[in-house]
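Here is a colleague's note on the structure shown below, arranged as numbered points for someone who will want to check each one against the coordinates.

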Amino acid sequence: MLAVETHDLTKDYPVGFFRKRSKRALDGLSLRVEPGEVFGLLGPNGAGKSTTLKILLRLVFPTSGTAQILGRELHDVSMHARLGYLPENPYFYDHLSAGEFLNYAGELFGLEAAVRKQRVERLLERLGLAASRDVPLRKFSKGMVQRVGIAQALINEPELIFLDEPMSGLDPLGRREVRDLILELKAQGKTVFFSTHILTDAEMLCDRVAILNGGRLQGCGDLREILRLGVAATEVVLDNPSPAILKELSPFARSVVWTGELARLEIPEEPDVARALNVALRLGAKIVSLNPVKMSLEDYFLARIEDAPGTASPDDLAAVGRERRGAR
Amino acid sequence: MSRVASVALHTFKESVRERVLYNLIAFALLLIGAAILFGSISVGVEEIILINLGLSSISVFGLLMAIFIGIGLVSKEIERRTIYSILSKPVYRAEFIIGKYLGLLLTLAINTAIMTAGFYVALFYQKRSLSLDDLVVLEAVYFILLQLALVVGLALLFSCISTPILSAVFTFCLYIIGNLLNDIRWFGQETGSALVEKGTAVLYYLLPNFSNFNASAQVAHGESIPPYLLLANSLYALLYVGILLSASILIFEEREFR
């Protein structure tokens with residue numbers, strides 16, 4: 001059973017006051033999220049990430065297409081007992097304290113009083129809010145509200161957690177803590193489906209990612225595959241090579257960057273690496289290291305956004321890697 | 001605890017933490033106190049003045065609370081986006097609406113009880129004693145509560161489809177029209193025009209008839225409300241509230257939260 005499965009999910013929003021038109025926020029999204037994985041939904045602002053999450057949580061309704069969560073249809077609200085959700089830029093009740101709000105969230109999940117008390121205490125402790133448990137939420141900073149939002153998403157110990165921009169509003173320490181928390185949830189076997197436009201977070205956390213742009217899926221796949229297959233060049237580092245050596249190597253290198261005494265040569269073509277090394281050894285150069293220059297998620301992301309503004313079909317991962325290698 | 005009860009208790013907690021509520025109760029109690037003064041300058045009808053003014057205060061301030069809290073019941077949750085974290089839990093939209101309604105009704109019932117207690121203190125101060133006959137005022141207070149139940153239903157319905165300001169205007173207008181429905185129907189019958197008569201008859205049956213709940217004058221003269229009227233008004237309010245809640249739920253079920 002898949003954690004999340006969508007088929008051709010499309011959402012049009014009506015816009016305009018007098019002359020109603022429709023604006024497509026999501027266009028034929030088909031996704032499959034396996035249980036136990038951390039899945040990242042990436043895309044620039046307005047790409048359709050939040051719309052996707054809101055459709056899955058039944059806060060908005062799809063114009064067409066279908067989706068299942070944990071094998072159940074979206075209209076089955078009882079299935080929400082197994083889900084957690086952190087909305088984007090969350091806002092909670094001003095008049096409640098963090099402890100009261102989490103208790104209320106626990107009540108809505110039908111948790112017993114003793115269980116609620118224990119989980120509220122544990123989550124407040126885990127998210128660094130224990131000292132502020134009785135402070136009204138209106139006095140909380142944005143980062144603290146975000147932590148409360150994460151805590152309420154976890155109060156029912158969900159199997160599947162949807163996090164909409166979970167790092168938003170957090171300081172570097174807070175981001176680190178949330179990253180650790182997501183990894184902890186993964187270690188517990190839970191599925192985490194989160195949206196973000198911060199690629200480094202996705203790179204550190206996700207097993208698989210999907211890239212949305214303009215409501216369309218631009219690419220989807222295993223992050224390790226994307227990064228492994230996307231070797232963009234090889235970096236040869238030499239210790240203080242003479243100008244003569246550099247001149248001999250220059251036909252192979254795309255660029256030479258000096259860092260102190262070290263010269264870093266970026267060689268784009270794989271066959272040229274061996275040739276360059278032979279030349280360097282023959283001329284007595286000191287080779288310090290040889291590193292594959294991997295494509296970062298940012299490179300992949302930008303490539304998908306720039307190259308494919310119109311296509312909606314999910315890419316095969318290997319094809320993406322090969323495509324990138326072929327382009328070199 | 002059921003989810004409806006959780007939402008209701010949360011709504012109650014939210015309402016009682018509104019400072020405006022305490023101001024309104026304080027004003028109501030002050031006005032009831034001032035009724036003693038008016039009574040003392042009205043020779044022979046002190047008690048009637050006190051009961052009339054007391055019940056009017058309870059009704060008007062109850063109405064203000066019902067409208068001003070009621071109009072924000074749903075729209076505030078949407079505007080502040082707190083609705084996201086509630087509906088993403090296993091809470092049916094109907095449960096949310098019913099819980100919101102019952103929560104505000106509980107708030108109003110408790111506030112009305114406080115104002116009624118204040119009224120009896122004022123009555124005791126004036127008469128220097130209280131008798132079982134004075135309990136007849138509770139029948140009028142019960143009718144005020146039924147009116148408030150209808151007003152909250154209206155405010156909640158408008159809160160599902162409109163902005164707080166428009167909701168307040170619509171609810172208040174319907175309350176005024178609802179108090180004049182008997183007169184409107186009489187006017188229709190007097191015009192001699194079949195069309196106007198039919199039109200006013202439709203309004204009479206369609207809109208909530210608040211004038212049926214006005215029993216202040218009767219109880220001020222010590223007359224008890226006949227049991228059939230108590231039953232008929234209770235059933236009317238129950239049926240009307242049921243219709244208003246059903247309409248609110250139907251609208252809310254289709255609502256999207258962008």
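This is a predicted model: local features need pLDDT of at least 70, side-chain atom pairs count only at pLDDT 80 or more; totals for chains, interfaces and linings use all residues.

1. In chain B, helix α3 (residues 46–70) packs against helix α7 (residues 136–161) at an angle of about 20°, and their axes are 9 Å apart. Because of that angle, α3(B) is roughly parallel to α7(B), angles under 35 degrees being counted in this way. The crossing of the two helices, α3(B) and α7(B), is right-handed.

2. On the α3(B) side of this packing, the residues that meet α7(B) include Ile51(B), Leu55(B), Ile58(B), Gly62(B) and Ala66(B), while the α7(B) side includes Val137(B), Ala140(B), Ile144(B), Leu148(B) and Ser159(B). Taken by class, the residues of the contact of α3(B) with α7(B) divide into 15 nonpolar, 4 polar and no charged.

3. Between the chains, 23 residues of chain A are in contact with 21 residues of chain B. On the side of chain A that touches chain B, β6 (83–86) and α2 (98–108) of chain A each supply at least two residues, and α2(A) gives the most, with 4 residues. The residues on that side of chain A divide into 18 nonpolar, 4 polar and 1 charged.

4. Chain A holds an open sheet of 4 strands in the order β2-β1-β4-β5, with antiparallel pairing. Its edge strands are β2 (21–33) and β5 (72–73) of chain A, each of which pairs on one side only. Strand β1 (residues 4–15) of chain A pairs with β2(A) in the antiparallel sense over 9 bridges, and Val4(A) has Val33(A) in β2(A) as its bridge partner.

5. Which backbone angles deserve a second look? Most residues other than glycine have a negative phi. Asp8(A), however, has a phi near 50°, a positive value in a residue other than glycine, and Asp8(A) is placed in strand β1 of chain A. With 15 other C-beta atoms within 10 Å, Asp8(A) is partly exposed.

6. Is Glu165(A) buried or exposed? Phi of Glu165(A) is also positive, near 50°, in a residue other than glycine, and Glu165(A) is found in the loop between β7 (160–164) and α5 (172–187) of chain A. Glu165(A) counts as buried, because 21 C-beta neighbours lie inside 10 Å and the cut-off for a buried residue is 20 or more.

Definitions and conventions
Residues are numbered from 1 along each chain as its sequence is written. Chains are lettered from A and ligands numbered from 1 in the order in which they are written. Axes are lines fitted to C-alpha atoms, for helices over the stretch in contact, and angles run from 0 to 180 degrees between N-to-C directions. Angles under 35 degrees count as roughly parallel, over 145 as roughly antiparallel, 65 to 115 as roughly perpendicular and the rest as oblique. A crossing is left-handed if the near helix is turned anticlockwise from the far one by less than a right angle, and right-handed if clockwise. Two residues are in contact if their C-beta atoms, placed from the backbone, lie within 7 Å. Ala, Val, Leu, Ile, Met, Phe, Trp, Tyr, Cys and Pro count as nonpolar, Asp, Glu, Lys and Arg as charged, and the others, Gly among them, as polar. Two strands pair if DSSP finds at least two bridges between them. A residue is buried if 20 or more other C-beta atoms lie within 10 Å of its own, exposed if 12 or fewer, and partly exposed in between; C-beta atoms are placed from the backbone.
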